[in-house]
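Please study the sequence and the model before reading each solution.

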Amino acid sequence: MDASLEKKIADPTLAEMGKNLKEAMKMLEDSQRRTEEENGKKLLSGDIPGPLQGSGQDMVSILQLVQNLMHGDEDEQPQSTRIQNIGEQGHISLLGHSLGAYISTLDKEKLRKLTTRILSDTTLWLCRIFRYENGCAYFHEEEREGLAKICRLAIHSRYEDFVVDGFNVLYNRKPVLYLSAAARPGLGQYLCNQLGLPFPCLCRVPCNTVFGSQHQMDVAFLEKLIKDDIERGKLPLLLVANAGTAAVGHTDKIGRLKELCEQYGIWLHVEGVNLATLALGYVSSSVLAATKCDSMTLTPGPWLGLPAVPAVTLYKHDDPALTLVSGLTSNKPADKLRALPLWLSLQYLGLDGIVERIKHACQLSQRLQESLKKVNHIKILVEDELSSPVVVFRFFQELPGSDPGLNAIPAPSAAASAVGRERHSCDALNRWLGEQLKQLVPMSGLTVMDLEVEGTCVRFSPLMTAAVLGTRGEDVDQLVACVQSKLPVLTCTLQLREEFKQEVEATAGLLYVDDPNWPGIGVVRYEHANDDKSSLKLDPEGEKIHAGLLKKLNELESDLTFKMGPEYKSMKSCIYIGMASDDIDISELVETIAVTAREIEEDSRLLENMTEVVRKGIQEAQVQLQKANEERLLEEGVLRQIPVVGSVLNWFSPVQASQKGRTFNLTAGSLESTEHTYVYKVQGSGVTPPQTPTGTRTKQRLPGQKPFKRSLRGSDAISETSSVSHIEDLEKMEQSSGGQEASEANSHERHPEAPAPPEAEPPGALQDGAQGLQDDRPQVEEPESLR
């Protein structure tokens with residue numbers, strides 16, 4: 001803090017607090033900009049808990065420890081793409097927490113006056129900014145906590161004897177809470193847990209199915225549910241409507257819902273991101289109707305980019321006793337001081353700054369929406385009014401032969417399965433697209449989500465992320481450019497998936513694996529001879545074959561990416577083929593996979609069989625050698641086996657014994673006699689090994705063409721034309737040379753005295769080895785006239 005500011009602040013504690021906060025934030029923010037060398041110098045002792053030091057530590061050491069704990073894992077784990085953009089307005093909100101602790105030390109009277117002023121000012125400002133007249137405010141850390149307090153207020157308002165009789169009152173007439181099917185997940189369960197109500201007290205209202213947005217509450221069906229609950233003796237208590245659903249940002253028909261709630265005495269609560277547009281000059285009629293509801297929940301923290309700022313629930317009620325019992329108001333100063341960070345931040349931003357931030361977020365969404373309308377194969381999920389600050393889009397492409405109406409009408413099983421496969425394929429591609437865009441444009445704050453009807457989509461909600469991340473218009477333009485750059489890959493991959501499936505199913509030995517989560521061309525598994533198709537367990541032999549196949553495919557240096565992993569529904573290994581950025585020859589790809597896997601299997605079989613054959617051959621050789629020894633014993637007699645007598649007999653009458661041995665042919669796998677070797681002094685050649693099977697199709701690639709690429713028709717035509725013309729030139733040369741030779745021979749026959757041309761050479765001299773052949777030809781004698 002500057003010296004001029006220190007002079008203006010009379011309280012030295014406040015001045016010191018601001019100075020310390022500024023220095024602490026500067027130290028923590030500077031740590032994010034340090035280089036990797038500085039991160040490598042961090043001491044390990046700072047991350048290992050140790051005993052509490054008796055002498056204590058200074059503020060710098062403690063902040064250094066906090067810094068290490070905050071950024072200590074950046075070397076091991078990648079840093080998050082979303083980094084809180086804490087500017088000076090963020091420092092103001094953080095200062096509010098420090099001031100809250102300091103203000104709580106004041107005496108009770110000063111504390112009461114100060115907290116009352118802070119709470120009343122903040123409530124008045126929020127009610128005026130968001131057009132909620134004569135409202136009260138409840139500040140809470142958990143976004144859903146305010147709705148839980150509102151439910152308690154509704155229970156106390158409708159059940160007069162609830163304070164006395166408690167659960168008995170609810171048992172006699174069970175309350176019903178109505179939530180939209182498009183509400184954020186877990187909201188109903190949270191309310192039941194906080195209120196102590198059973199889950200049957202929740203009623204899930206479906207969304208529109210025929211008219212209107214599929215993410216808006218069906219008002220006619222809601223009225224039917226209310227009537228049914230009243231007939232059953234239940235009490236319709238509260239309805240939660242959405243001004244911007246959590247998924248796609250659609251707004252319910254709040255005006256019609258308000259009329260319905262007034263008719264049946266139901267409390268209407270509204271929440272959603274579109275409530276932020278109430279601060280703008282122009283507000284859509286559907287969102288403007290939220291100002292007439294009984295309560296609403298606001299989240300100004302992400303809207304304005306303010307860290308550690310509480311959420312606010314605005315409500316209208318005239319009985320302060322019931323609000324006190326419900327927990328919406330409190331006499332504790334600490335509860336009132338929750339509004340202090342927001343009180344400081346609103347004053348720092350001012351009305352113009354608040355409106356400008358919300359307006360900027362809405363302009364970003366409109367800019368993206370208008371740009372994506374011009375991009376092919378991109379579908380935007382928007383409601384009738386174009387004022388929603390949320391943009392949800394997805395990639396789609398109608399394959400040839402597919403009917404867009406199949407999604408809406410009941411289809412036969414075959415058509416339904418085709419539509420289901422196309423839906424799963426698009427979901428995987430959209431999931432890949434969303435992850436790629438998040439990495440390429442991290443400042444956009446995109447999220448990938450799965451919708452029940454539309455499938456996987458990408459959401460851009462700048463009201464929740466733009467102020468935090470500092471998103472600008474240039475980031476939106478970059479996002480659109482990245483979408484356009486990824487479209488060729490998506491369209492090409494989607495077109496090749498069905499062709500790849502058909503080729504694999506038509507190839508023997510290959511099994512197509514339907515993995516809905518894989519965004520590439522497809523997944524294939526090679527079925528070896530010993531593959532148990534009914535088993536789902538790990539197959540070691542198949543894993544070895546697929547590992548070798550993956551290595552061979554990666555050695556081809558194609559544009560495709562290959563990876564190995566377990567099957568979608570089992571533990572067997574498969575080959576996953578990635579995205580295709582160009583036209584791929586699927587037939588060549590599948591054939592290469594099948595042939596390579598077969599070769600790897602046969603090589604492994606050869607090694608295994610050779611080991612078994614060698615073992616059996618050795619056993620057979622031992623049996624035959626033993627049999628030969630017995631035969632030799634019978635031929636020579638027993639006397640010749642005696643050492644001394646046998647030597648004498650062999651000296652007088654030597655035995656002419658033939659040398660018999662055995663040789664093992666590894667190629668044929670058979671045991672053969674060595675008699676042929678001793679007689680002819682030449683070792684047998686054996687059996688010629690069989691040739692390794694290769695592909696039936698051998699594709700001639702052009703120079704520089706990578707594997708699995710289709711040749712361009714133009715280049716093929718040029719190459720074929722040039723090759724044909726070259727062959728025709730060679731034929732013409734041969735014909736001319738042959739005709740010339742024939743004419744010379746005829747001239748020799750007609751004029752034998754005519755000399756032969758000295759420079760003429762036979763056509764055979766143009767070929768390899770012609771010189772050696774020319775020496776063996778008969779020499780022609782020269783005529784006497786030339787001699």
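**Exercise 1.** Determine which elements each supply at least two residues of the lining of the largest cavity.

*Solution.* Step 1: the elements are strand S13 (522-526) and helix H21 (540-555); helices (H or I, at least four residues) and strands (E, at least two) are DSSP runs, numbered from the N terminus. Step 2: H21 gives the largest share of this lining, 3 residues. The model is a predicted one, in which local features need pLDDT of at least 70 and side-chain atom pairs pLDDT 80 or more, while totals for chains, interfaces and linings use all residues. Residues are numbered from 1 along each chain, and side-chain values use heavy atoms, without hydrogens and water.

**Exercise 2.** State the volume of the largest cavity and describe its lining.

*Solution.* Step 1: on a 1 Å grid over the protein atoms alone, a cavity is a set of points where a 1.4 Å probe fits but cannot get out, and lining residues have an atom within 4 Å of a point. Step 2: the volume, the space filled by probe spheres set on the points, is about 40 Å³. Step 3: among the 10 lining residues, Arg-525, Asp-539, Gly-542, His-546 and Lys-572 are the closest to the centre. Step 4: the lining comprises 5 charged, 4 polar and 1 nonpolar residues.

**Exercise 3.** How many cavities of 30 Å³ or more does the whole structure hold?

*Solution.* The search finds 2.

Notes
1 Å grid on protein atoms, 1.4 Å probe; cavity = no way out; pocket = protein on both sides within 12 Å on 5 of 7 lines; lining within 4 Å. Nonpolar A, V, L, I, M, F, W, Y, C, P; charged D, E, K, R; others polar.
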